[in-house]
Amino acid sequence: MSDAVGFIGLGIMGLGMAENLAKAGRKLVVWNRDVSKSQAFADKFPTATIAATPKAVVEMTAKTYCMLSTLEASHSVFEGETGILSGVSPGKNIVDCATLTPQRMAEMAEAIRAKGGKFLEAPVSGSKKPAADGQLIFLAAGDAEVLADSTADLDVMGKATHYFGAEVGGGTRMKLCVNMTMGVQLAALSEGVALCEAVGLDSAAFVEVLKQGAMNSPLVALKGAAMVNKTYAPQFPLEHQQKDLRFAVQVGDDYGVALPVAAATNELFKKARMAGKDKDDIAAVVEASRKLQ
């Protein structure tokens, strides 16, 4: 199936990405840990093929996109007798779109290149709706040839692609800087909402004031409303935001950069996770701020 493209991980982000590729006419070979999601995808897109293992996806295609949510998932799916790496041989290209650590991306790149394959990291900025709408921002680093070969696909799945050089890790470091900043903004917004409520003010009015001033942004409009209305259907699960904050703080430690605000934000998100908000949208961090009243 030399004309097919592999896609591993049909979760909250990967599904929208793979669907956009299929809608653009790409034949896909897919695999997901929950087989029912692969079957649902194949039912919707009859040209898609379900592979039995991640290894089979790589063996059946020249290029495979991966979108796995955690370090644990990455290790589980990448390694082992039927993992991604076991299917790599000369001529195989792997594009990993997950948000992991720079070290993990570099480890995978080294292992893939040792077997004659090529690797591109391309973590994305965006959440469920941008993924479904083809409006993601790709933050790439690694083999430039793979990037050039993937441009048409990335244009289908996203609205912009940035390349941070041949050294793998640059894309991930940029992604962590971006998500760290987003997390800090969310924490500040959640504390503003909680404080308004504690002093008897209308938090909806607070969000409206923000929208009318210099702090207006899509994040304030969308997540502010979600915080006020306590609607937390996941667009970007809170547990993943906390993971990214933890990784960002680790990078700060590695480079000797003080990140006290990000570290405090990470603690707030950890409180939200301990309150059972792991699977809820990132806006649910406000519940940790409310509990501190």
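User: In which helix is the place of Met-174?

Analyst: This is a predicted model, in which local features need pLDDT of at least 70, side-chain atom pairs count only at pLDDT 80 or more, and totals for chains, interfaces and linings use all residues. Residues are numbered from 1 along each chain as its sequence is written, and side-chain values use heavy atoms, with hydrogens and water left out. Helices (H or I, at least four residues) and strands (E, at least two) are DSSP runs, numbered from the N terminus. On that basis, residues 170–198 form the helix that holds Met-174, namely H8.

User: Is Met-174 buried or exposed, or does it fall in between?

Analyst: Buried means under 20% relative accessible area, exposed means over 50%, and partly exposed lies in between (1.4 Å probe, protein chains only). Met-174 has 32% relative accessibility, and therefore counts as partly exposed.

User: How many disulfides does the structure hold?

Analyst: A disulfide is counted as a pair of cysteine sulfur atoms within 2.5 Å. For Cys-177, the closest cysteine sulfur, in Cys-97, is 19 Å away, too far for a bond. The number of disulfides in the structure is 0.

User: Which element supplies the largest share of the lining of the largest pocket?

Analyst: On a 1 Å grid over the protein atoms alone, a pocket is an open set of points where a 1.4 Å probe fits, with protein on both sides within 12 Å along at least five of seven lines; lining residues have an atom within 4 Å of a point. The largest pocket has 46 lining residues, and those nearest its centre are Met-13, Gly-126, Ser-127, Gln-235 and Phe-236. At least two lining residues come from each of strand S7 (124–125), helix H6 (128–133), H8, helix H10 (218–229) and helix H11 (238–255). The largest share, 6 residues, belongs to H8.

User: What separation do the closest N and O atoms have in the salt bridge of Lys-118 with Glu-145?

Analyst: A salt bridge is a side-chain nitrogen of Lys or Arg within 4 Å of a carboxyl oxygen of Asp or Glu. Lys-118 is partly exposed at 29% relative accessibility, whereas Glu-145 is exposed at 54%. The closest N and O atoms of Lys-118 and Glu-145 are apart by 2.2 Å.

User: How many residues apart in sequence are the parts that this pair ties together?

Analyst: Lys-118 belongs to strand S6 (residues 118–121) and Glu-145 to helix H7 (residues 144–157). The pair therefore ties together parts whose separation in sequence is 27 residues.

User: In which helix do Glu-267 and Lys-270 both lie?

Analyst: The side chains of Glu-267 and Lys-270 form a salt bridge with an N to O distance of 3.0 Å. The two residues are 3 apart, about one turn of the helix, and both lie within residues 260–274, which is helix H12.
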